[in-house]
Amino acid sequence: MVDVSRVTIRDTKSYCGILLDDNNRKPICRLRFNTSQKYLGVFSNKNEERVELDSIDDIFKYADRVKAVISEYEGNSGNGVQE
C-alpha cells in the first residue's frame, strides 16, 4: 500500500507505536505487549480501539482495519490500492 520506508516504529513505556512517515499524527496501530494480556490498538478517524490478542498471530485478523487506516491517511477509498 505504501513503501515500507514510510513505516516507522516508536517504542514508549506503555506501547510500541507503528507510524506512517515517522509522524505521531499518523498512527497506524499500537502494540501493547508489556502485560500478560496482549492488545492491538487499531485506529479509525484518529480514535484508538484496543482489541485483545490471544496470540501474536491474531494481528493478521485485523489486517483490513490496518490497511484502512493507511488508506485514510493517503486519501484513498481503498479501491485500486495495491498491496
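Residues are numbered from 1 along each chain as its sequence is written. Because the model is predicted, local features need pLDDT of at least 70, side-chain atom pairs count only at pLDDT 80 or more, and totals for chains, interfaces and linings use all residues, while side-chain values use heavy atoms, with hydrogens and water left out.

**The whole chain**

Begin with the whole protein in cartoon view. One helix and five strands are present, in the order β-β-β-β-β-α along the sequence. Helices (H or I, at least four residues) and strands (E, at least two) are DSSP runs, numbered from the N terminus. The C-alpha trace spans about 40 × 25 × 20 Å along its principal axes. A compact globule of 83 residues would have a radius of gyration near 12 Å, and the 13 Å of the protein agrees with this; the radius is taken over C-alpha atoms, and the globule rule is 2.2 Å times the number of residues to the power 0.38.

Switch to a surface display. The protein exposes about 5700 Å², of which carbon and sulfur atoms supply 45%; these areas come from the Shrake-Rupley method with a 1.4 Å probe, and for residues only the protein chains shown count as cover. Of the 83 residues, 31% are buried. Buried means under 20% relative accessible area, exposed over 50%, and partly exposed in between (1.4 Å probe, protein chains only).

**Strand E3 and its partners**

Next, select strand E3 (27–32). Six of its six residues are buried. E3 runs antiparallel to E2, to which four bridges join it; two strands pair if DSSP finds at least two bridges between them. Within this pairing, isoleucine 18 has cysteine 29 of E3 as its bridge partner. The two strands form a hairpin with six residues between them, and aspartate 21 in the turn has a positive phi of about 60 degrees.

**Arginine 30**

Staying in E3, show the side chain of arginine 30. Its bridge partner in E4 is glycine 41. The arginine 30 side chain makes a polar contact with that of tyrosine 15 at 3.5 Å. A polar contact is a pair of N or O atoms within 3.5 Å; within protein, one must be able to donate a hydrogen and the other to accept it, and residues adjacent in sequence count only if both atoms are side-chain atoms. Beyond its neighbours within four places in sequence, arginine 30 is in contact (heavy atoms within 4.5 Å) with residues including Cys16, Tyr39, Phe43 and Glu48.

**The nonpolar core**

Select Ile18, Leu20, Ile28, Leu31, Leu40, Val42 and Tyr62, which touch the most other members of the largest nonpolar core, a set of 17 residues. Such a core is a set of buried Ala, Val, Leu, Ile, Met, Phe, Trp, Tyr and Cys residues joined through side-chain atoms within 4.5 Å. Centre on isoleucine 28: not counting residues up to four places away in sequence, it touches, among others, Val7, Val66, Val69 and Ile70.

**Asparagine 24**

Finish in the loop between E2 (16–20) and E3, at asparagine 24. Is this residue buried or exposed? Asparagine 24 is exposed, with a relative accessible area of 54%. Apart from residues up to four places away in sequence, it touches Arg10 and Leu19. The C-alpha atoms of asparagine 24 and arginine 10 are separated by 9.1 Å, with the two residues 14 apart along the chain.
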